[in-house]
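Subject: Structure handover

Hello,

I am passing on the structure below, together with notes on what was found in it. Please read the notes with the structure open beside them.

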Amino acid sequence: MSTIELFKSGESTDTDLEDYKKNLKKHRLRVIGLWGGIAGAVILTIAVLWTWMQNRTFETYEVIRSFERTDTLTTQYAEFLNYVLKYSKDGVSCVDSNNHLVWSQTYNMQSPMVHVCRNSAAIAEENGTEILIFDATGNQGTIETRLPIQQICVSSQGVAAALLEDGDAMRLKLYNKNGEELVNAKFELQDVGYPLKMSLSADATKLAVTFLQVQDGGISTCLAFYNFSSVGENKEDRLVSSRIMKGMVMPEVNYMDGTHCFALGAGMLLIYEGLQIPELTKEIELEKEVLSVFHSEKYIGLVVEGNEKPYALQVYDVQGNLQSVTEFDMDYQTLKFSGNHILIYNEFECMMLSPGGKIYFTGTFEESISNLYSQSGRRRYIVMHASRTDQIRLR
């Protein structure tokens, strides 16, 4: 007869089980450590590559493709989404990076002006009475103002703001892209002053205006904010915030997105933020005269006189924090943010920088530059010359 042996707790089977559990735990820890080491190495490699790319500089460029230009020398340009708008007194066309026509629209405007905000663009004639609204697919509507247009702005969804001359007064009107009037406000010049600049937020709910006022032989600027949502309904003229700066001309005010706005005057940069009612978040005293100003949705660029070189580029973020100061000596005609890059150029020379102030390319072109803008990444650009358009790659 076979016998069945019974093992009590604490005998060899328990010991084997404990050893198995310990070995399994050690194995799992080794696997976790191995994968953790691999993940750390991958992250480190990515960080090193990213740092290398951010600090990489280029000495020259190669032309990848060239296209013959068919527009006129008086044609002007504006970046729009991933396209370029080419506009003149006869019409506007939208082309992609391969110079393929996306859409076109004819008109007759002696002095066309363009404003772009994300997905929408507006074109109007200075002192004219017509505004055209476009998106990536083409014309979305035509607005008839009846009164002469002095300034225009457009929001991302195609709402247009127009500052119109009305005798001894100015009218501010908002229209949807179908031409329907949404807001009509009148400014008596003798009461509020002459509007210098206006800027509409990307969501079309807020508008900032600077008014030049002359009283008792002195000048001042009134910075006013209007709200067109339910928040501003109970406010007189929808005015939700204002500030008067005596002895100062403030010709620049710009909404960078739906919540951030900046105003620039002699010796002062004001940063505002607010979803409904803008509040002053930072006041920056500028020691030197501002020679040029430009901006994107993320950054503000100011050019002032440099210490060691003729010019100094100061870059601020939307909170008003100084990101970089870069001195340079190139006499420029154009400064702009293009994608995540800063492009500075004149007729034949160009300089490219990161918002952090790193100069990664300086170069000279044999033919004059009509326009320059970036493509995807950091190496590809479009250069428009008098007779052709080149796709270039830095190297």
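What volume does the largest cavity have? The largest cavity has a volume of about 30 Å³. Please keep in mind that this is a predicted model.

Cavity

The count of cavities of 30 Å³ or more comes to 1. Rolling a probe the size of a water molecule over the atoms shows where empty space is left. The lining of the largest cavity is made up of Val95, Asp96, Ser97, Asn99, Tyr373, Ile382, Met384 and Thr389. By type, the lining residues are 4 nonpolar, 3 polar and 1 charged.

Ile369

One of the lining residues, Met384, is also touched by Ile369. Where does Ile369 sit? Ile369 belongs to strand 30, which covers residues 369–374. Is Ile369 buried or exposed? Because its relative accessible area is 9%, under the 20% cut-off, Ile369 counts as buried. Leaving out residues up to four places away in sequence, Ile369 touches Tyr345, Asn346, Glu347, Phe348, Glu349, Cys350, Val383, Met384 and His385. As for Leu101, 268 residues apart from Ile369 along the chain, the C-alpha atoms of the two are separated by 21 Å.

Nonpolar cores

The largest nonpolar core has 20 residues, and those that touch the most other members are Ala161, Leu172, Met198, Leu207 and Phe228. Which elements give two or more residues to this core? They are strand 11 (160–166), strand 12 (169–175), strand 13 (181–188), strand 14 (194–200), strand 15 (206–215) and strand 16 (218–227). Another core lies apart from it and has 15 residues, including Met113, Ile131, Ile133 and Ala160.

Phe228, from the core of 20 residues, is in contact with Leu172, Leu174, Val183, Leu200, Ala204, Thr205, Lys206, Leu207 and Arg238, with neighbours within four places in sequence left aside.

Cysteines

How many disulfides are there? The count is 0. A disulfide is a covalent bond between the sulfur atoms of two cysteines. For Cys117, the nearest cysteine sulfur is that of Cys153, 9.1 Å away, and Cys117 is in no disulfide. Cys153 is in no disulfide either, with the sulfur of Cys117 as its nearest cysteine sulfur. Cys117 is buried at 11% relative accessibility, and Cys153 is buried with a relative accessible area of 4%.

Loop residues

Ser354 is in the loop between strand 28 (349–353) and strand 29 (359–364). Its relative accessibility is 12%, so Ser354 counts as buried. Beyond its neighbours within four places in sequence, Ser354 is in contact with Ile342 and Tyr360.

Asn127 has a positive phi of about 70°, although it is not a glycine. Asn127 is placed in the loop between strand 7 (120–125) and strand 8 (130–135). At 48% relative accessibility, Asn127 is partly exposed.

Asp237 is not a glycine either, and its phi is positive, at about 55°. The loop that holds Asp237 runs between strand 16 and strand 17 (239–246). Asp237 counts as exposed, because its relative accessibility of 54% is over the 50% cut-off.

Regards

Methods: Residues are numbered from 1 along each chain as its sequence is written. This is a predicted model: local features need pLDDT of at least 70, side-chain atom pairs count only at pLDDT 80 or more; totals for chains, interfaces and linings use all residues. Side-chain values use heavy atoms; hydrogens and water are left out. Helices (H or I, at least four residues) and strands (E, at least two) are DSSP runs, numbered from the N terminus. Buried means under 20% relative accessible area, exposed over 50%, partly exposed in between (1.4 Å probe, protein chains only). Contact means heavy atoms within 4.5 Å. A nonpolar core is a set of buried Ala, Val, Leu, Ile, Met, Phe, Trp, Tyr and Cys residues joined through side-chain atoms within 4.5 Å. On a 1 Å grid over the protein atoms alone, a cavity is a set of points where a 1.4 Å probe fits but cannot get out, and a pocket is an open set with protein on both sides within 12 Å along at least five of seven lines; lining residues have an atom within 4 Å of a point. Grid points are joined across faces, edges and corners, and a volume is the space filled by probe spheres set on the points. Ala, Val, Leu, Ile, Met, Phe, Trp, Tyr, Cys and Pro count as nonpolar, Asp, Glu, Lys and Arg as charged, and the others, Gly among them, as polar. A disulfide is a pair of cysteine sulfur atoms within 2.5 Å.
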